[in-house]
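This briefing concerns a predicted model. The points that follow are grouped by topic and are meant to be read beside the sequence and structure.

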Amino acid sequence: MPRRPLPDPIGDDADATVELANRLNSAAIHLLRRIAQEDGADGVTGARLSALSVVVYGGHQSLGSVARRERVSTPTMSRIIDALVRDGLVDRVADADDRRSVRLSATPEGRRLMERGRARRIERLARELDTLDTDELEALDRAVAALEELEHREVPR
């Protein structure tokens, strides 16, 4: 695959780490887009699935918290959550500490839908990984371990 050009102002001052970051960024985006093709099988839009995943895997939280995590406005998230509630995938639950507040909680059907979608994406990715040879799989395993380690590091901005 051709190398993606680096955006300005990085382009002229790139070292090997920046070049690797460029390749990883592109590969990750393309891989996620490919496996996300499995997401339409349950008839739920991408925005709704994304919000639902925040509620399913993030636990009980406020509408504002979900909106911040999804990087959308509260009114936008309110419309998305309204649809998920109508579809029986999310419940609004009174906050035990503040009766004026509402927490969002995934319903059992919402959890099942997320797990079905996750299973389809994992199966799709596994089929693609099956096309790699043993050395490539071992290298990928080491790379994933390094990426998992980065999840837990504080990186200066």
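In helix H3 (residues 63–70), the buried residues are Gly64, Ser65, Val66 and Ala67. These buried residues of H3 pack against H2, helix H4 (74–86) and S2. After H3 comes Arg71, which has a positive phi, near 60°.

- The largest nonpolar core has 19 residues, and those with the most contacts inside it are Leu52, Val66, Met77 and Leu84.
- H2, H3, H4, S2 and H5 are the elements that give two or more residues to this core.
- H2 supplies the largest share of this core, six residues.
- Met77 contacts Ala51, Leu63, Val66, Ala67, Glu70 and Val72, when its neighbours within four places in sequence are left aside.
- In soluble globular proteins, nonpolar side chains tend to be buried together.

**The loop residue Thr107**

- Thr107 sits in the loop between strand S2 (102–106) and H5.
- Thr107 counts as buried because its relative accessible area is 7%, under the 20% limit.
- Residues up to four places away in sequence not being counted, Thr107 touches Gly88, Leu89, Val90 and Asp91.

**The largest pocket**

- The volume of the largest pocket is about 1400 Å³.
- Its lining comprises 38 residues, of which Ala27, Ala28, Leu31, Leu32 and Leu125 lie nearest the centre of the pocket.
- Helix H1 (16–35), helix H2 (46–58), helix H5 (108–129) and helix H6 (134–150) are the elements that give two or more residues to the lining of the largest pocket.
- H1 provides the largest share of this pocket lining, 12 residues.
- Classified by type, the lining of the largest pocket has 22 nonpolar, six polar and 10 charged residues.

**The largest cavity**

- The structure contains one cavity of 30 Å³ or more, and the largest cavity holds about 30 Å³ of space.
- The largest cavity is lined by Asp39, Asp42, Leu49, Leu113, Met114, Gly117, Arg120 and Arg121.
- H5 contributes the largest share of the cavity lining, five residues.
- The lining of the largest cavity divides into three nonpolar residues, one polar residue and four charged residues.

**Salt bridges**

- The count of salt bridges comes to seven.
- Arg116 pairs with Glu109 in a salt bridge, with the closest N and O atoms 3.5 Å apart.
- Arg116 is partly exposed at 35% relative accessibility, and Glu109 is partly exposed at 28%.
- A salt bridge joins the side chains of Glu115 and Arg118 (3.7 Å, N to O).
- Because Glu115 and Arg118 are three residues apart in helix H5, about one helical turn separates them.
- An α-helix has 3.6 residues a turn, so residues three or four places apart point the same way.
- Glu115 has a relative accessible area of 36% and is partly exposed; Arg118, at 40% relative accessibility, is also partly exposed.
- Another salt bridge links the side chains of Arg124 and Glu128 (3.2 Å, N to O).
- Arg124 and Glu128 both lie in helix H5, four residues apart, which is about one turn of the helix.
- Arg124 counts as buried at 15% relative accessibility, whereas Glu128 counts as partly exposed at 23%.

Terms used
Residues numbered from 1 in each chain as written. Predicted model: local features only at pLDDT ≥ 70, side-chain atom pairs only at ≥ 80, totals over all residues. Heavy atoms only, no water. 1 Å grid on protein atoms, 1.4 Å probe; cavity = no way out; pocket = protein on both sides within 12 Å on 5 of 7 lines; lining within 4 Å. Points joined across faces, edges and corners; volume = space filled by probe spheres on them. Nonpolar A, V, L, I, M, F, W, Y, C, P; charged D, E, K, R; others polar. Buried < 20%, exposed > 50% of the residue type's maximum accessible area, 1.4 Å probe, protein only. Contact = heavy atoms within 4.5 Å. Core = buried A, V, L, I, M, F, W, Y, C linked by side-chain atoms within 4.5 Å. Salt bridge = Lys/Arg side-chain N within 4 Å of Asp/Glu carboxyl O.
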